[in-house]
Amino acid sequence: EKGGYDHFMLKEIYEQPNAISDTYRGRMRVAEGIIKMAGIDDNLAKLLNAKRILIIACGTSWHAGLVAEYIFEELVRIPVEVEYASEFRYRNPVIHQDDVVIAISQSGETADTMAAIKLAKERGAFVFGVCNVVGSSISRETHAGAYTHAGPEIGVASTKAFTTQITVLSLIALKLAERKGTISNSDFHYYLQELERIPEKVKLALESNEHIKLIADTYKDAKNFLYLGRGYNFPVALEGALKLKEISYIHAEGYPAAEMKHGPIALIDEQMPVVVIATKKGHYDKVVSNIQEIKSRKGKIIGIVTEGDETVKGLADHVIEIPETIEFLTPLLTTIPLQLLSYHIAVMLDKNVDQPRNLAKSVTVE
Ligand code: F6R
């Protein structure tokens with residue numbers, strides 16, 4: 001059942017190229033330049049006229065929501081707010097009739113997310129679901145939706161759900177942007193082609209596995225980790241830290257790289273591994289100067305870089321390369337080495353990778 005892998009988590013990490021293509025297959029027709037998604041097509045006017053998009057989710061799904069915030073605002077120019085479902089419903093949120101709420105949930109059973117959806121519906125919002133489990137409670141409670149086609153995710157730590165959520169949310173953003181005219185036709189076509197190439201690039205990113213294992217061995221006894229990223233890769237830093245916490249029980253924090261100087265830089269010494277996502281384009285020069293600040297305080301730097309990068313290679317203790325892609329799709333690639341790094345550290349520390357202590361696959365209590 002684990003298909004030759006030692007753990008479901010590793011199997012699911014390796015399933016991502018297929019999970020991503022299964023998620024866009026039949027929806028994205030690159031040659032014709034169209035995206036067809038019933039849940040979007042049937043509600044197009046509502047979505048295009050939204051004054052605001054509210055995204056509600058928990059955990060990893062909330063991180064996918066943060067990536068989507070950046071993508072929607074960049075491509076569709078509709079303001080987006082991302083909320084923890086658990087906070088949203090306890091603070092009398094302002095919800096308008098012309099708000100569109102997007103609820104993201106792998107399991108479709110998360111109690112906090114469900115309760116937030118009910119509240120949004122009571123206040124008249126249109127609620128769109130992005131779920132993985134077909135027929136789940138959330139998929140039934142929402143007005144419309146689009147499934148991720150990740151297949152069953154058994155490992156408690158979410159992996160392929162995250163990348164397929166970003167895939168679905170990118171498709172939605174692209175479709176709306178094309179309709180709204182907020183991106184050019186030629187960019188639209190180019191973006192579809194780039195999305196189609198992502199599964200091949202995820203395969204290439206997975207080829208760093210053995211190299212990542214060596215890095216894991218070097219840092220497995222660290223007591224703390226810091227993860228830094230900017231722009232589209234800030235949520236990836238949060239997700240990398242969450243993965244490490246969940247399965248290895250090592251304390252880790254994710255931060256926007258530029259926030260470091262406002263506090264967390266005080267933590268940095270020779271004992272602190274810092275994972276920095278420093279891909280080309282995404283404020284690259286700024287991230288390079290953040291890396292120099294860490295280096296001058298003797299932090300250990302693990303850089304996630306675009307292949308062929310020389311600058312970060314010259315500064316970092318280790319680099320992990322990922323293929324080049326357009327900026328808003330980089331989270332689909334930068335996430336891969338972070339998943340593998342936490343996986344190997346947890347295995348080396350002899351932790352129960354697929355069923356970490358205190359955690360359940362779907363959190364059905366509020
Ligand atoms: C992280 C993880 C949790 C879930 C969260 C939401 O690896 O598994 O943080 O992402 O409980 O679950 P869903 O997406 O099922 O609503």
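Two residues are in contact here when heavy atoms of each lie within 4.5 Å. The structure is a predicted model, so to speak of local features a pLDDT of at least 70 is needed, side-chain atom pairs count only at pLDDT 80 or more, and totals for chains, interfaces and linings use all residues. Residues are numbered from 1 along each chain as its sequence is written, and side-chain values use heavy atoms, with hydrogens and water left out.

**Figure 1. His 96, in the loop between helix H6 (85-88) and strand S5 (99-105).** Helices (H or I, at least four residues) and strands (E, at least two) are DSSP runs, numbered from the N terminus. Leaving out residues up to four places away in sequence, His 96 touches Arg 52 and Ala 125. Phe 126 sits 30 residues from His 96 along the chain, and their C-alpha atoms are 9.6 Å apart. Is His 96 buried, partly exposed or exposed? It counts as partly exposed, at 42% relative accessibility. For the cut-offs, buried means under 20% relative accessible area, exposed means over 50%, and partly exposed is in between (1.4 Å probe, protein chains only).

**Figure 2. The open sheet of five strands, in the order S4-S3-S5-S6-S7.** The pairing in this sheet is parallel. Strand S4 (80-84) and strand S7 (144-145) stand at the edges with a single partner strand each, so one side of each has no neighbour in the sheet. Two strands count as a pair if DSSP finds at least two bridges between them. Strand S6 (residues 126-131) and S7 run parallel and are joined by two bridges. Look for Phe 128, which stands opposite Ala 144 in S7.

Figure 3. Thr 279 is buried, with a relative accessible area of 6%. What does Thr 279 contact, leaving aside its neighbours within four places in sequence? The residues are Asn 233, Tyr 284, Ile 304, Val 305, Thr 306, Ile 322, Thr 330 and Thr 334.

**Figure 4. Helix H2 (residues 16-24), largely enclosed by the rest of the structure.** Seven of the nine residues of H2 are buried, which is why the helix counts as largely enclosed. Those buried residues are Gln 16, Pro 17, Ala 19, Ile 20, Ser 21, Thr 23 and Tyr 24. Their cover includes helix H1 (8-14), strand S1 (28-29), helix H9 (160-180), helix H10 (185-206) and helix H15 (331-348). Just after H2 comes Gly 26, with a positive phi of about 80°.

**Figure 5. Tyr 249 and Asn 358, two residues with positive phi.** Most residues other than glycine have a negative phi. Tyr 249 has a phi near 65°. You'll find Tyr 249 in the loop between helix H12 (234-248) and strand S9 (251-256), and it is partly exposed, with a relative accessible area of 26%. Asn 358 has a positive phi of about 65° and is not a glycine either. Asn 358 lies in the segment after H15 and is exposed, with a relative accessible area of 77%.

**Figure 6. The whole protein, for orientation, with 15 helices and 12 strands.** Along the principal axes, the C-alpha atoms fill a box of roughly 55 × 45 × 45 Å. Of the 366 residues, 60% count as buried. Contacts between residues 24 or more positions apart make up 75% of those with a separation of 6 or more.
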